[in-house]
Amino acid sequence: MTAPSLPAVSTQVTFPAGGVADRSAVVACLPLPDGRHGVVVERTPFHPLDHTWPDQPADTGTLGGRAVLDCVTGAVGPEGEFALGADIPVRRGDAEWAWLVVHVVAEPVAVGEEVELLVDADRRAALSASHTGCHLLALALNAALASRWRKDPGRADSHGNPDFDSLAMDTSRMDAAASYDVYRIGKSLRKKGFTADGLAEDLPAITDAVNARLAAWVAADSAVRIEAPGPELTARREWHAELPEGHASIFCGGTHLHHLGELAALGAELRLSEDGSELTVTTTPKRA
């Protein structure tokens, strides 16, 4: 689809720093195939669904008093061509394309209108808790499984442990209640050096080790922040946490807590499939 009225610069975003409210001018309003409309503004606090790694759901809220029903990633190419979500034909962040936060509303909004953007702050806080919990689980699981590597797999997390989370990850999703990670334990992982023998028998002890570490981190009220090289949507952002074992970092485009004291508890449930080929982890935060 060609949309010559769309901006040639990427949307600026404030959600990495925790923004949930802003005012900005409408720069485009596109009719969508389902009869709704996609509104683009210069700057927004809304976190859109990432079409390449859709782990964190989109923010909801209001735009100029209108309900934001969904929030998705759009892109405008060098010839003015517009694509939305999974239809975007280039790699995320391609410098020749402008990357847009598209707020989906029921009725059109006039271009040039200045609107107030308000994110559902309680839902955002719940999603942020789940996303922070997901990253902490990754680090705690890597530590609990570190002794199961018979050789260096060539990739370590920021604490120096073999990065099981990254190497075995199949899918990662979250909602306002928890995060859900699925890991594949197959031939590829074994070739990298992971030992799966006895994993089912050891799973209760591994679960205990993971949860003990998560509890210690929550009790330490560690600081959490997102660093970004710029305000544009596709800036390569990085999650940082000052944990008792040392500084931790993970590249991430989502939203997060500011410190772990915002949680009253964080717990993980680990389940191994009968054939031992799939490990599923549900990580549930309890907000303070």
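**Strands and hairpins**

Mentor: Strand S16 (residues 263-272) and strand S17 (residues 278-287) run antiparallel and are joined by 9 bridges. Helices (H or I, at least four residues) and strands (E, at least two) are DSSP runs numbered from the N terminus, and two strands pair if DSSP finds at least two bridges between them. This is a predicted model, in which local features need pLDDT of at least 70 and side-chain atom pairs count only at pLDDT 80 or more, while totals for chains, interfaces and linings use all residues. Residues are numbered from 1 along each chain as its sequence is written, and side-chain values use heavy atoms, with hydrogens and water left out.

Trainee: Which residue stands opposite Arg271 in S17?

Mentor: Thr280 does. Ala268 has Thr283 as its bridge partner in S17. The hairpin has 5 residues between the strands, and Gly276 takes a positive phi near 75 degrees there.

Trainee: Which strand pairs with S17 over 6 bridges in the antiparallel sense?

Mentor: Strand S12 (residues 179-184) does.

**An open sheet and its helix**

Trainee: In what order do the 3 strands of the open sheet come?

Mentor: The order is S13-S14-S15, with antiparallel pairing. S13 and strand S15 (246-251) are the edge strands, each pairing on one side only. From one strand to the next, the twist averages 25 degrees. For angles, axes are lines fitted to C-alpha atoms, for helices over the stretch in contact, and angles run from 0 to 180 degrees between N-to-C directions. Strand S14 (residues 238-243) is joined to S15 by 6 bridges, and Glu242 stands opposite His247 in S15.

Trainee: Which helix packs on the sheet?

Mentor: Helix H1 (residues 121-144) packs on it, touching S14 and S15 (contact means heavy atoms within 4.5 Å), and the direction of H1 makes about 65 degrees with that of S14.

**Burial and contacts**

Trainee: Is Asp22 buried or exposed?

Mentor: The general idea is a cut-off on relative accessible area: buried is under 20%, exposed is over 50%, and partly exposed lies in between, with a 1.4 Å probe and protein chains only. Asp22 has 16% relative accessibility, so it counts as buried. Asp22 lies in strand S2 (residues 21-31), and its side chain makes a polar contact with the side chain of Arg43 at 2.7 Å. A polar contact is a pair of N or O atoms within 3.5 Å; within protein, one must be able to donate a hydrogen and the other to accept it, and residues adjacent in sequence count only if both atoms are side-chain atoms. Leaving aside residues up to four places away in sequence, Asp22 touches several others, including Val115.

Trainee: In which strand does Val115 lie?

Mentor: Val115 lies in strand S10 (residues 114-119) and is buried, at 1% relative accessible area. Beyond four places in sequence, the residues that Val115 touches include Asp22, Val26, Val41 and Leu63.

Trainee: Which backbone oxygen does the side chain of Thr73 reach?

Mentor: That of Leu49, at 2.9 Å. Thr73 lies in strand S7 (residues 70-76) and counts as buried because its relative accessibility is 6%.

**Aromatic rings**

Trainee: How is a pair of aromatic rings described?

Mentor: By the distance of the centres and the angle of the planes. Rings of Phe, Tyr and Trp (its six-membered ring) pair if their centres lie within 6.5 Å; planes under 30 degrees apart count as stacked, over 60 as edge-to-face and the rest as tilted. The structure holds 3 aromatic pairs. One of them is Trp149 with Phe194, edge-to-face at 5.2 Å centre to centre and 65 degrees between the planes. Both Trp149 and Phe194 are buried.

Trainee: Why is the pair of Phe164 and Tyr183 tilted?

Mentor: The pair is tilted because the planes are at 45 degrees; the ring centres are 5.1 Å apart. Phe164 is in helix H2 and Tyr183 in strand S12, 19 residues apart. Phe164 is buried at 1% relative accessible area, and Tyr183 is buried at 0% relative accessibility. Trp149, Phe164, Tyr183 and Phe194 form one aromatic cluster.
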